[in-house]
Amino acid sequence: MNNNFSENLKKIRKEHNMSQEQLANELGVSRQAISKWESAVAYPEMDKIIALCDKFNLNIDDLLHRDIKEIKGEEESKKKLNKIIDDFLKFITDTVNLFSNMTFKSKTKCLLEQLIITIILFCISLIIVQFGGMVFKNLLGFLPINANNFITNIVTFIFIIFCFVSSVIILTHIFKTRYLDYYTKIKNDVNNVVDKEQINLDDNVIKEEFNNKNKILFKKNEDKIIIRDPKHSEYKFINGLFKCVIGFIKFFVLCFSLFFAFLLICLVCLFIISFLLIKNGLLFIGLISVIVASSVINIIILLIIFNFVFNRKSDKKKLIWSFLISLILLGVGSGMIFIVTLNFEIVDVNETMVKTDTIELEMHDNTFFNTYHSITYMEEDISNIRVEYKINKYCHLDEIISNQEGIHLWTYCQDPIKLVREFIDNINHKKIVTINSDAYDIVVYTSKENIEKLENNRHKYFDEQRYYDNNINFYENRINELERELEEYKNKVWMLEGQLQFYQE
């Protein structure tokens, strides 16, 4: 056995403010025995060592072979670390409990205040980082430019870390002081003053505690609290900003509601039009179900927006049940429509809706057709151009533009109502017909010489377009290259100026 036992015995006896005689009485030995143990002249029996370990909550191996001071230090470090972890977890738990018990208005005000403080701290941190980096850059101006930039970047990074950590600490402290501590104190005060079982419950408020400084409300069945009553100190500018932000949000939401109002009008119109499909029973029922469900969901959204903007209370149960029933109805109607459409015939072109028309155009030296449709050329002994095309019988060529960019054929459907009626009639006959308002199957009749001229003019035009596009791309790339070279020369000039400044100093 080494001298660790004797030294440890002295330390633990003095830490517990015990004399040799008091310790001897506890162990049932003489004071001289304790003195001999501490001076390493004699050693106790095993039962006495076990008694010492039990009394001072020690391990036998630690008492005999290790330094008690080091063990105590390790235990203190563990306790500090555990306390830090416990405090952090407690902070998170208290924050979650606080927000779960706060009213919507209190939550919004709290988050807005934290956002404002965060922005202020960010601006201050940005000033510190920029100013600190600039100061160090000037102080280290005697160093080479590369070394100066390297050290400045390191210092700037340190400033950023410092500002970030400081901001988090400040923000957390302000939040804890203004909300967590306040909430805990007031809630405890109210719970001590008011006894739930001795209060007649009101319809809206089950507990109210008033005094000259504090006020806290617990709403029935919700246990929601209002943080920061008017009597408590509060930053006026935060209230003003809060009202401005809420007003802006309400205005934006109100403008957004116009979309749902317009959508509701469209759904009502579609509901009326759907009665034209009454011949197709299952499709009609499914479509009516989808329109009604969509309309109800749209009305629910408008009601929520209206209640939020004008601070009205919503009947949550009715809204939720209406929404769920609408979803079920929407699903049933969509399923009916899907089942019916499986039996529909899809027709790309309905010949009964197509007509063939003809126009004549003058031929010039620079004439060509510039259209994305395929064109078929047919030889005919005529000097001008005759164009034959197919188009929907309710549409016609609205404008024929012939200029240096070629001939464009623009179509227009003058009677869209007839198109809709035709579409609905096809639906009732279980057909889905593609309605194409463009001209197609275009055939150009003219002389052989004119055909060659039309083709040559078209190729010439597109060759010129490609030439212009290539030139534009070339010069844009060249400009980008020159800009990169200019940036490189600027960097070289900046480095040379730094070296010149160093040599001048």
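On a 1 Å grid over the protein atoms alone, a pocket is an open set of points where a 1.4 Å probe fits, with protein on both sides within 12 Å along at least five of seven lines, and its lining residues have an atom within 4 Å of a point. Volume here is the space filled by probe spheres set on the points, which are joined across faces, edges and corners. The model is predicted, so local features need pLDDT of at least 70 and side-chain atom pairs pLDDT 80 or more, while totals for chains, interfaces and linings use all residues. Residues are numbered from 1 along each chain, and side-chain values use heavy atoms, without hydrogens or water.

The second largest pocket holds about 350 Å³ of space. Of its 16 lining residues, Gly-141, Ile-145, Asn-148, Gly-498 and Gln-501 sit closest to the centre. H13 (448–504) gives the largest share, 7 residues, and H7 (104–139) and H8 (145–193) each supply at least two; these helices are DSSP runs of H or I, at least four residues, just as strands are E runs of at least two.

Turning to the cores, a nonpolar core joins buried (under 20% relative accessible area, 1.4 Å probe, protein chains only) Ala, Val, Leu, Ile, Met, Phe, Trp, Tyr and Cys residues through side-chain atoms within 4.5 Å. The largest has 22 residues, and Ile-385 is among those touching the most other members. Strand E6 (385–392) is one of the contributing elements and gives the most, 4 residues. A second, separate core of 16 residues includes Leu-9 and Met-18.

Met-18 also contacts (heavy atoms within 4.5 Å) Arg-13, a buried residue at 11% in helix H1 (4–15).

Note on methods. Buried < 20%, exposed > 50% of the residue type's maximum accessible area, 1.4 Å probe, protein only. Lists of a residue's contacts leave out its neighbours within four places in sequence.
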